[in-house]
Structures are given as C-alpha cells and as structure tokens.
Amino acid sequence: MLKKISLLALPLVLAGCTSTFTNLTPTRQVRNTENLYPVEVQFNSQQQTLRWHTLKPFVQVGDNLLPMRPTPLMKNRWEGLVPVPKNAKGVEYRYKFDYEFNTFGPVENGSALSKKFELNILDK
C-alpha cells in the first residue's frame, strides 16, 4: 500500500519543483557599436522550498556564464548584456539560475536552466 501511495505522490512532487522562464528579449536587435545586447527574463518557480534571496541569475553564451542583475522596480525579472562578435549574424543563449533550497536536513543547492534562445543581429 505504501508503495502505491509513493508512486501516486511522485508526479505531485515533481510538478512542485518546476521553473518557468519567460524570455522578454526581442529575437532581433539592430547592430550597435559596443556589440553588447540587452536581454531580460522573468523567472518563476513553484518550488515551495526555494530560498528566493539566494538566486544567482546568469545568461549563458557558449560556455560563458555572464551575471545578470534585477530589473529595477520589477519583481522576478533580471537583465544582462550578451556579447555578439562584430561579424556574427546572431548568437544562441540561455538562462541559468542557481539557488539554495530548504530540505529536512541542511540547505541544498539547485539550479534551473532554460531552453536555448536565439538573438539575431540586423545590420543598419
């Protein structure tokens, strides 16, 4: 009987930990002289044990993790800059959030990774 209850509870436990990323960045931006392009994301999680004050957001370009900062006056939104080489037509990126969460024992570390997004650069 306990085994049946455990199997039935498993989807509820997994569903409780889902994170969603809403990419607020346009897919196309006009090339600029700095070759740095703003990106913005909204992060939400249903994980009840997540310690929100420990969030460390990054935008990942290739193997590089670039730090993001909170968007002023907005909740659950972060912004950062993505470098794109001068001659490149675009870049793929994704968002990564590291955080701590509570357990029945000591605090543990977790992370959430978004799907890949594409930023296309338009010449003037």
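Which residues do ring pairs link into a cluster? They are Phe21, Phe43, Trp52, Trp78 and Phe97.

This is a predicted model, so local features need pLDDT of at least 70, side-chain atom pairs count only at pLDDT 80 or more, and totals for chains, interfaces and linings use all residues. Residues are numbered from 1 along each chain as its sequence is written, and side-chain values use heavy atoms, with hydrogens and water left out.

**Aromatic pairs**

The structure holds 9 aromatic pairs. Rings of Phe, Tyr and Trp (its six-membered ring) pair if their centres lie within 6.5 Å; planes under 30 degrees apart are stacked, over 60 edge-to-face, the rest tilted. Two of the pairs are tabulated here.

| Pair | Centre distance | Plane angle | Class |
|---|---|---|---|
| Phe21 and Phe97 | 5.7 Å | 55° | tilted |
| Tyr93 and Tyr95 | 5.6 Å | 80° | edge-to-face |

Phe21 sits in strand S1 and Phe97 in strand S8 (residues 90-101), 76 residues apart. Strands are DSSP runs (E, at least two residues), numbered from the N terminus. Both Phe21 and Phe97 are buried, meaning under 20% relative accessible area with a 1.4 Å probe, protein chains only. Tyr93 is buried at 1% relative accessibility. Tyr95 is buried at 0%.

**Sheet**

An open sheet of 4 strands runs in the order S1-S3-S7-S6, with antiparallel pairing. Strands S1 (19-23) and S6 (69-70) stand at the edges with a single partner strand each, so one side of each lacks a neighbour in the sheet. Two strands pair if DSSP finds at least two bridges between them. S3 (residues 36-45) and S7 (residues 77-83) pair over 7 bridges. Glu40 has Glu79 in S7 as its bridge partner.

Methods: Buried < 20%, exposed > 50% of the residue type's maximum accessible area, 1.4 Å probe, protein only.
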